[in-house]
Amino acid sequence: MAARPSSTFLRTAGYVGVLLGCFAAGMLAGWNQLARRVNNQTYDLLAKPEAGMKAVEAVIVAIDEPTLREMGELRNLRPIVTKALRKIAAAKPRAVAVDLILAGATNPEDDQDLEAAFRATPNLILGSSVASNRAWEDPLPRFAEAAAAVGHVHYEEDRSDGVSRQLALENIFAGQRRWAMALETFRVAHKAEIVESPEDLEVAGIRIPAARLDETRPMFIRFLPSIPTVSVLDLDQHPDLLRDKVVFLGVTASGANDRRTIPSVGTVAGVEVHAHAYETLRRGEFLTEAPDSTVVAVCIAFSVAMGLVFAYFGGWRPYVIVLPVLALALYLPALFLMQGVVFPLVAPAAVAWLSAAGAATYQHFVVRRSLRQSESDKARYQQAIHWAAHEMRTPLTAIQGSSELMTRYKLPEEKRGQLSEMINSESKRLARIIQTFLDVERLAEGNIELKRESFAASDVVAVCMGRVASLAERKNIAMTLDSPVDGTLVGDRELMEYAFYNLLTNAVKYSPPDTHVRVKSNLRGSELRLAVQDEGIGIEAKEVKKIFQKFYRTKRAEASGEVGTGIGLSIVQQIVTHHGGRMDVTSTPGKGSCFTMILTAQ
Ligand code: ADP
């Protein structure tokens, strides 16, 4: 018969189950749109630029509302760009990026002028974008020929909140690739080449850790507090502002429909995003996103740590140890960001907090409860030991007295025979008391070896009734077998006899003299019921469940004056369950009880 799993194993399995549940719940809490928003906001807060102007190379030349009011309209930008470029080129900047899509022809004179202005602008970068997902909208060839490079002007928008935090350094559409305008501008301004590998890009000695993901190579833009901006209208007033700078020319007027939301700041024009991205590249201030595997590994570590702390430390100690770990879980995104890694807040924090709460609750309720249970078991066990010690005194005194008599006096043979008979039977009684206690412990721990033999149920009943007969006679209790016993049982016959004998002795013990104990048997299919019915003291309904607990005795039993340990029934139940059966009890206080063993017969 299979050994039952030990209670330590069950407790550990339960604990691991609770932790796994907390881990799974934490992961679910960490991987959804809401969590993504919270992670994003944490990032925005942590990556917020410090106030104060840093040395900036980029300058934005803005086609703003006043420019449009003064010089033209949105539908006809080219003459404005031409005029602006002339002034910009005169200021001798390092490079000029024009954030406009110039794919179609307009008024021939305007296009002619614009081409001339482009040709007069060294290190010129023009924009390209994918229009309605059909094709790249490149600048007209006449413009593109005048440019040093053409870059795409797309930026990523986070699906959860629509905020632009990253830029796709690479954009492939219809098999054609465009590098981002900011990257091309950086390359042109530094007269370098773009060296690529699947993990990164290298331009002018700067390694950009932008791995190829879905053909985009996303890069976090480190937004600055501000980038110097000058209106096209005011170009004349700042002749030196553009010297040696990298100019980003684009529309900032709100009518242009080219506004983006960026972290902390709010909405800005697309041209500003490109300028910030350019500054990120120039400064080499790159961030990478922590891979999911790292996040999951950190979550597992948190869950395991919480589990171990609550498993190994008792009292207030685990709480003291766990507090800094919980704080760490909240602080991790900041720590990682210092190392240039973007790390999520929600999943690790949720896993850490839920695991701590789960582990603490489990330990508090389950472990403490089982501790209380084992303490009360221990107390009852001690009581029983006292009883056993007390019980042992009687046979011991008899043995001692008899042996003394035998050694001191020369007794007649007959007397000597009687005394040695007494020593023999009293030693057996002692051995039985000891055996009972050992059986209880071995059965309770589930490491008793069960024999598997076939035997007739009727034999067990007959043997036990025979054994109890003299006990019943002494109280003038009639004991009858009301129905023939059928069925063959498989298991340990000795233990089965022990169990049934216990039910019979209890029936006699807890019944007044001159009553009737009935043994009934019923075999239906493979279910064999063996019942012992008495007309004794009975058991209160609320105590019925408890009588199978080790060392439990009912108040009525205590009051009856019958000695007992409260062990017998706990062994009976264990024997019956070890044989795949169960016990059933019905009782009416003052009227009698019926104990039934329900077993499987062959
Ligand atoms: P013990 O008889 O040594 O006290 P048991 O484990 O055999 O221990 O029984 C546990 C308790 O169940 C008894 O103390 C008694 O209170 C109750 N009990 C068992 N059998 C009967 C019965 N036939 N009638 C009334 N009470 C019973």
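Why does Lys555 count as exposed? Its relative accessible area is 64%, and exposed means over 50%, buried under 20% and partly exposed in between, with a 1.4 Å probe and protein chains only. The model is predicted, so local features need pLDDT of at least 70 and side-chain atom pairs count only at pLDDT 80 or more, while totals for chains, interfaces and linings use all residues. Residues are numbered from 1 along each chain as its sequence is written, and side-chain values use heavy atoms, with hydrogens and water left out.

Lys555 belongs to helix 16 (residues 555-560); helices (H or I, at least four residues) and strands (E, at least two) are DSSP runs numbered from the N terminus. Between Lys555 and Ile539 there are 8.9 Å from C-alpha to C-alpha, at a sequence separation of 16 residues.

Which atoms of the protein lie 2.6 Å and 3.1 Å from an oxygen atom of the ligand? At 2.6 Å there is a polar side-chain atom of Arg553, and at 3.1 Å a backbone N or O atom of Gly568. An N or O atom in the side chain of Ser593 lies 3.5 Å from a nitrogen atom of the ligand. Taken alone, the ligand exposes 530 Å², and the protein buries 98% of that; the areas come from the Shrake-Rupley method with a 1.4 Å probe.

In soluble globular proteins, nonpolar side chains tend to be buried together. The largest nonpolar core has 44 residues, and those with the most contacts inside it are Phe500, Leu503, Leu504, Phe595 and Met597. Such a core is a set of buried Ala, Val, Leu, Ile, Met, Phe, Trp, Tyr and Cys residues joined through side-chain atoms within 4.5 Å. Elements giving two or more residues to this core include helix 13 (457-474), helix 14, helix 17 and strand 25. Helix 14 gives the most to this core, with eight residues. Beyond its neighbours within four places in sequence, Leu504 is in contact (heavy atoms within 4.5 Å) with Cys464, Met465, Val468, Met479, Val519 and Val532. Another core, of 43 residues, lies apart from this one and has Met219, Phe223, Leu224 and Ala269 among its members.

Some local features remain. Helix 7 (residues 181-189) is mostly covered, with nine of its nine residues buried; Glu184 and Arg187 are among them. Just after helix 7, Lys191 takes a positive phi of about 45 degrees. Most residues other than glycine have a negative phi. Asp244 has a positive phi near 65 degrees and sits in the loop between strand 13 (229-231) and strand 14 (246-251). Asp244 counts as exposed because its relative accessibility is 52%. Asn476, with phi near 55 degrees, is placed in the loop between helix 13 and strand 20 (478-481).

Key
Polar contact = N/O pair within 3.5 Å; in protein donor to acceptor, adjacent residues only side chain to side chain.
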